[in-house]
Amino acid sequence: MDRAAIVHENFLRRVAEGNLPKGGAPGGPLSSAEAVSIYRSGCLTRALDRTSRAMQAAGQGYYTIGSSGHEGMAAVAAALRPTDMAFLHYRDAAFQIQRATQVPGQSIAWDMLLSFACSSDDPISGGRHKVLGSKALNIPPQTSTIASHLPKAVGAAYSIGLAKRHPPEHKTLPDEAIVMCSFGDASANHSTAQGAFNAAQWTAYQSVPMPLLFVCEDNGIGISTKTPEGWIAATFADRPGLRYFACDGLDIYDTYRTAREAADFVRKRRKPAFLHVRTIRLYGHAGADMPTSYMAREEIEREEANDPLLHSVRLMSEAGALTPEQALAIYRDTEQRVERIAAEAVTRPRLKTAAEVMEHLIPPPRPCRPTNGPTAEAREQAFGSDLKAMASPQIMSRLINWALTDLMLAHGEIALMGEDVGRKGGVYGVTQKLMTRFGRSRVIDTLLDEQAILGLGVGMAHNGFLPMPEIQFLAYLHNAEDQLRGEAATLPFFSKGQFTNPMVVRIAGLGYQKGFGGHFHNDNSVAVLRDIPGLILACPSNGADAAMMLRECVRLAREEQRLVVFLEPIALYPMRDLHEAGDGGWMMHYPDPSQHIPFGEVGRHGDGKDLAILTFGNGTYLSRQAQKRLEDDGIDARVIDIRWLSPLPEQAIVAAVEGCRKVLVVDETRRTGGVAEALMALLTERTDVPHARLTAEDSFIATGPAYGATMPSADDIVAAARDLVRGGK
Ligand SMILES: Cc1ncc(C[n+]2csc(CCOP(=O)(O)OP(=O)(O)O)c2C)c(N)n1
Ligand SMILES: [Mg+2]
């Protein structure tokens with residue numbers, strides 16, 4: 001017999017015999033009605049676990065990670081409000097079921113069974129993934145990546161205080177709400193989790209509001225690896241800025257009382273707390289896992305003897321809330337009800353085609369209040385003497401700074417966050433004066449942790465803000481990349497677009513800083529960003545474009561709820577001249593705030609027909625230099641700045657090279673996995689024009705005199721263009 005069946009039989013037998021496990025007396029504020037409600041949620045959790053296994057065995061269900069042993073989480077839900085956003089551990093069916101009792105109009109068993117069946121009727125993911133989650137219950141769906149939801153829980157908690165002072169148009173959380181996130185004991189060790197605890201503590205330590213309840217469900221094991229005895233208490237009981245609470249998760253009275261205390265502490269003091277719920281895991285990690293292969297049978301049976309539902313039956317009986325006979329009847333009724341509903345759920349439609357699966361990769365647009373932009377007085381006050389400087393052309397970093405200023409004036413929901421973005425104004429001065437202009441709560445000097453920075457953005461977006469996190473250098477995105485790849489980008493997919501985290505992530509990157517910094521300050525690889533479904537990657541090549549593209553990126557995030565990465569070529573921030581010293585050819589006038597470059601529109605310089613140079617970023621700058629030299633050679637070239645690196649503006653690119661005899665792709669990213677691969681494929685598939693590419697080597701970047709040796713230079717472009725045009729290839 002499998003362990004799920006054994007636990008079930010034990011329950012029936014022991015309740016009938018009155019052979020219930022010993023434990024403390026029921027105590028605390030839990031009312032009888034509430035205890036019964038929590039017990040019902042536990043029974044439903046148990047029945048769903050068993051049914052999910054039966055469905056899988058019948059080839060009709062696809063998910064068996066259970067919540068059995070963790071039924072006490074229903075008592076945690078009862079201690080919270082449904083408006084407290086909850087980022088849940090995958091074992092928290094009981095939490096979600098109990099929360100459903102707090103919100104009218106829910107059909108939780110039906111909803112969960114639809115998700116086990118991967119039916120397209122599943123209200124949270126539409127059959128895309130088995131996730132807990134519900135819009136009505138304020139439970140955003142989670143990925144399977146353990147702990148990756150904790151950084152955004154910190155962000156969502158931070159957002160509540162800020163939203164009280166600067167309410168964003170799309171605010172979702174009430175001022176008195178708190179945020180809850182839960183995770184397992186093994187997950188608590190993950191560096192992502194540790195980063196989130198630290199970020200919450202670091203924030204609270206400075207007396208900044210951080211109403212966040214961490215809930216650790218300690219069943220003593222992660223798949224097959226035991227957590228050292230006492231480890232969670234030893235490492236969390238005494239951390240600065242984090243109040244520790246502990247309860248017995250097998251006892252719904254104790255769990256409810258302690259969770260109430262913890263929630264009250266967080267709600268009143270606006271400080272984070274850590275609730276340690278000691279629990280057990282019944283029948284292994286998931287359906288396919290055989291705990292007997294790594295645990296002694298006696299140990300497994302000892303745990304099974306401590307079934308939390310048996311504890312609840314005893315406790316409720318002692319409290320006079322419910323007799324064991326009544327408890328047994330509820331258990332049986334629930335089983336039968338779930339079986340009936342499951343029989344119906346498996347008949348519901350499932351996703352079939354790629355188009356159906358992909359329907360929600362891109363979030364839906366949302367209505368936004370129209371804005372006429374800032375008043376002249378507001379601009380005068382914010383810009384001060386910069387207004388005069390607008391009369392003359394400026395370098396790119398300054399134009400981005402002005403664009404950010406205008407955008408922040410126009411949209412109160414924009415907040416910037418990153419390392420050194422505030423007081424210092426960024427490593428390259430791009431965010432200078434913004435903290436003075438908009439205050440510390442909208443221009444946030446964060447701690448040094450990229451996961452925390454992106455998590456802050458994702459979480460704040462859950463509460464209606466339009467975050468613009470900054471990653472100081474492209475190479476430092478990689479340690480935190482999952483916050484974009486696994487978390488932010490998947491959210492609309494997992495939730496049918498019901499939850500979104502629109503934001504514009506600014507990243508300073510790419511190479512060509514003359515001899516400064518070496519590889520980590522000149523990272524020239526964007527492959528990790530280009531294959532993320534739904535993510536928009538923009539890369540300007542000059543200041544005027546940067547300002548107009550940034551406005552479009554903010555519009556895309558604000559109105560279309562898109563996840564956008566704005567890649568700023570560092571080497572072009574201070575660039576003044578184009579062809580010769582003093583020509584000022586790369587300085588631009590600040591475009592009027594009404595001007596945008598629409599998503600997918602490419603830039604074009606010249607309309608020569610001998611050659612089209614297809615490029616972006618620094619490549620545009622170098623190709624413009626090459627273009628002039630080629631002209632002297634009698635080669636008439638046009639330079640096309642593709643601007644949008646993902647998704648590629650395919651139509652616009654094909655149109656822009658039309659009528660040209662040859663196309664040269666100039667790509668400063670690596671030969672392998674670089675943008676040129678996609679451009680070459682596009683030209684092959686969609687045009688008859690002969691084409692070639694000039695790319696960076698598959699190398700890291702050197703510091704010192706060889707800084708540019710592995711990337712295309714203007715000389716290289718000229719040589720490659722001559723070869724291509726004259727070689728008749
Ligand atoms: C980042 C990451 N690494 C590995 C896994 C595979 N994995 C799934 S659950 C799990 C164990 C988690 O144990 P714990 O946090 O104690 O939760 P429990 O399952 O015991 O409730 C592991 C290693 C994962 N999902 N995510
Ligand atoms: Mg565990």
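Trainee: Is Asn219 buried or exposed?

Mentor: Please note that this is a predicted model. A residue counts as buried when its relative accessible area is under 20%. Asn219 has a relative accessible area of 9%, so Asn219 is buried.

Trainee: Which residues coordinate the magnesium ion (ligand 2)?

Mentor: The donor residues follow the spacing D-x33-N-x1-I in sequence. Asp185 lies in the loop between β2 (179-184) and α7 (191-205), and Asn219 in the loop between β3 (212-218) and β4 (221-222), so that pair links distant parts of the chain, 34 residues apart. At 2.0 to 2.1 Å, the coordinating residues are Asp185 (OD), Asn219 (OD1) and Ile221 (O).

Trainee: What is the relative accessible area of Asp185?

Mentor: Asp185 is one of the residues that coordinate the magnesium ion (ligand 2). Asp185 is buried, and its relative accessible area is 1%.

Trainee: How much of ligand 1 does the protein bury?

Mentor: An oxygen atom of ligand 1 is 2.5 Å from a polar side-chain atom of Ser187, and an oxygen atom of ligand 1 is 2.8 Å from an N or O atom in the side chain of His89. A nitrogen atom of ligand 1 lies 3.2 Å from a backbone N or O atom of Ile146. Taken alone, ligand 1 exposes 590 Å², of which the protein buries 74%.

Trainee: How many polar residues does the shell around ligand 1 have?

Mentor: The residues surrounding ligand 1 number 17, and the closest are His89, Tyr90, Ser144, Ser187 and Ile221. By class, the shell has 5 nonpolar and 2 charged residues, and the number of polar residues is 10.

Conventions. Residues are numbered from 1 along each chain as its sequence is written. Chains are lettered from A and ligands numbered from 1 in the order in which they are written. This is a predicted model: local features need pLDDT of at least 70, side-chain atom pairs count only at pLDDT 80 or more; totals for chains, interfaces and linings use all residues. Side-chain values use heavy atoms; hydrogens and water are left out. A residue is near a molecule or strand if one of its heavy atoms lies within 4 Å of it. A polar contact is a pair of N or O atoms within 3.5 Å; within protein, one must be able to donate a hydrogen and the other to accept it, and residues adjacent in sequence count only if both atoms are side-chain atoms. Accessible areas come from the Shrake-Rupley method with a 1.4 Å probe; for residues, only the protein chains shown count as cover. Ala, Val, Leu, Ile, Met, Phe, Trp, Tyr, Cys and Pro count as nonpolar, Asp, Glu, Lys and Arg as charged, and the others, Gly among them, as polar. Donors are N, O and S atoms within 2.8 Å of the metal (3.2 Å for Na, K and Ca); water is not among the atoms, so sites may look incomplete. Helices (H or I, at least four residues) and strands (E, at least two) are DSSP runs, numbered from the N terminus. Buried means under 20% relative accessible area, exposed over 50%, partly exposed in between (1.4 Å probe, protein chains only).
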